[in-house]
Every structure is written in C-alpha cells, then in structure tokens.
Amino acid sequence: VPRDPALASDYYRQAAQKGHVSAQARWGFALTRGLGVPENQLEGESWLRRAALAGAAEAAAGVGGLYASGGALPPNYAEAAMWFRRAAEFGVRDSQYNLAVLLGRGLGAPTDLAQSFVWFSVAAIQGDEDAGRKRDEVAQRLKPEDLAAAKGLAASWKPKTLDAAANEVTVQNDSLGNGG
C-alpha cells in the first residue's frame, strides 16, 4: 500500500476524536510536524497533552520537546522538565537524556547534579552513548557521597509500567474481517 500521510492523518483524527489515546498521540504528532495536514503546533500540543495525560509516554515526550524547543509555543523549561520526567519514568530514553540536561543546567527546575547523573545513567544503560559521556562528566562534579547515592538510584531504577491501550495501536475487526 503506498504511503498516504493525508489519509493516515484523517484516520488518526477520526480515531482521536472518538477517544483512542494512541490515535490522539499520532494526530498530535501529525499536526505538530505537518504530516499530511497543515502544521499547527498549538492544536498538536493540545492533542499530545491529552494523550500524555491518558498515559501515552511518547506523547509526553512530544509535549516536552515542544516546550523545550519553542517554535510556535514559547519555550517553557519548567513545562518541558515536567513532561520529560513523565516520559522518562516510563522508559523513554530521549526524555531521560533531555531531563538530565535540564536538571544539570538548572533549566525549568533547580540544578540537581545527582538527579542529572541518575537520568544520564539510565539513558546510557539503554544504549545512549552520549548520555554515558555526559554521566561521566557530571560524576566528576559530584561529591563522593552524592555520587555513591546517585549510582545506587540509577542501579535500582525501573520504568513504570506502560498502559498498552495508551501506547500501542490496536486494530479491532468487524464481523466482515475489516479493520474498524
């Protein structure tokens, strides 16, 4: 089947309006990126926020990204940190990295090098090589006792359980075997 971003976006919009959380996230991303529809970051943020509040981890990461980068929305690092934290807690590696950067620089939250170390560590464990380098840089700035505590937190960290209904696309078949 050939790709048709406009058609896909229309299906996402329809499902989003009916309350399908994963579709709300995809519709929000389509709007914020102009995929098959005119770009509208304000409306896209609204749909991403709705999906994030319902448990969609990537949508939370998307909202954080919108507030961190600005664009049509004014930069708001406190909002970005809050949304990155929500996504990071569910295991979204990029949000773990982004939250660590904000905490390390004191953007949107007070500077917290120990927490910055924890989030860089967790992202590094998931394969982010740059996070590993940043973690090591932050480690050099921590007192030995703070570093030991942060290492313990990072080692014991476990992601929150994702709600599959909010984070996966599911297809329901009607009696004719068609999706719908």
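Start by colouring the protein by burial: of its 180 residues, 39% count as buried. Here buried means under 20% relative accessible area, exposed means over 50%, and partly exposed lies in between, with a 1.4 Å probe and protein chains only. What you have open is a predicted model, in which local features need pLDDT of at least 70 and side-chain atom pairs count only at pLDDT 80 or more, while totals for chains, interfaces and linings use all residues. Residues are numbered from 1 along each chain as its sequence is written, and side-chain values use heavy atoms, leaving out hydrogens and water.

**Stop 1: the whole protein**

Switch to a cartoon view. The C-alpha atoms fill a box of roughly 65 × 35 × 30 Å, taken along the principal axes.

Next, show the surface. The protein exposes about 10000 Å², and carbon and sulfur atoms supply 52% of that area; accessible areas come from the Shrake-Rupley method with a 1.4 Å probe, and for residues only the protein chains shown count as cover.

**Stop 2: confidence**

Colour by pLDDT, the predictor's confidence in each residue, from 0 to 100. The mean for the protein is 93, and 93% of its residues reach 70 or more. Now select residues 173-180: over this stretch the pLDDT is below 50, and beyond near neighbours in sequence it has six contacts in the model. A contact means heavy atoms within 4.5 Å.

**Stop 3: the largest nonpolar core**

A nonpolar core is a set of buried Ala, Val, Leu, Ile, Met, Phe, Trp, Tyr and Cys residues joined through side-chain atoms within 4.5 Å. Select Ala59, Leu99, Phe117, Trp119 and Phe120: of the 44 residues in the largest core, these touch the most other members. Which helices each supply at least two residues of this core? They are α2 (21-33), α3 (41-53), α4 (57-69), α5 (77-89), α6 (93-105), α7 (113-125), α8 (129-139) and α9 (144-156). Highlight α7, which gives the largest share, eight residues.

Zoom in on Trp119. Not counting residues up to four places away in sequence, Trp119 touches Arg85, Ala88, Glu89, Gln96, Leu99, Ala100, Leu103 and Trp157. Then move to a second, separate core of seven residues, with Ala16, Trp27, Ala30 and Trp47 among them.

**Stop 4: Gln24 in helix α2**

Select Gln24, which is found in helix α2. Is Gln24 buried or exposed? Gln24 is buried, because its relative accessible area is 5%. Leaving aside neighbours within four places in sequence, Gln24 is in contact with Ala16, Gly19, Trp47, Arg50 and Ala51.

Stay in helix α2 and pick Arg26. With 31% relative accessibility, Arg26 counts as partly exposed. Try the distance tool from Arg26 to Arg135: these residues are 109 apart along the chain, and their C-alpha atoms are separated by 32 Å.

**Stop 5: Arg49 in helix α3**

Move to Arg49, which has its place in helix α3. Arg49 counts as partly exposed because its relative accessibility is 24%. From Arg49 to Trp27 you cover 22 residues in sequence and 11 Å in space, C-alpha to C-alpha.

**Stop 6: Ala87 in helix α5**

Now select Ala87 in helix α5. Ala87 is buried, with a relative accessible area of 0%. Which residues does Ala87 touch, not counting those up to four places away in sequence? Show Ala57, Ala60, Ala61, Val92 and Ser95 to see them. Arg50 is 37 residues from Ala87 along the chain, with 14 Å between the two C-alpha atoms.

**Stop 7: Val138 in helix α8**

Finish at Val138, found in helix α8. Val138 counts as buried, at 7% relative accessibility. Beyond residues up to four places away in sequence, Val138 touches Leu113, Ser116, Phe117 and Phe120. Of these, Phe117 and Phe120 were on your list at the largest core.

How values were computed: Helix = DSSP H or I, 4+ residues; strand = E, 2+ residues; numbered from the N terminus.
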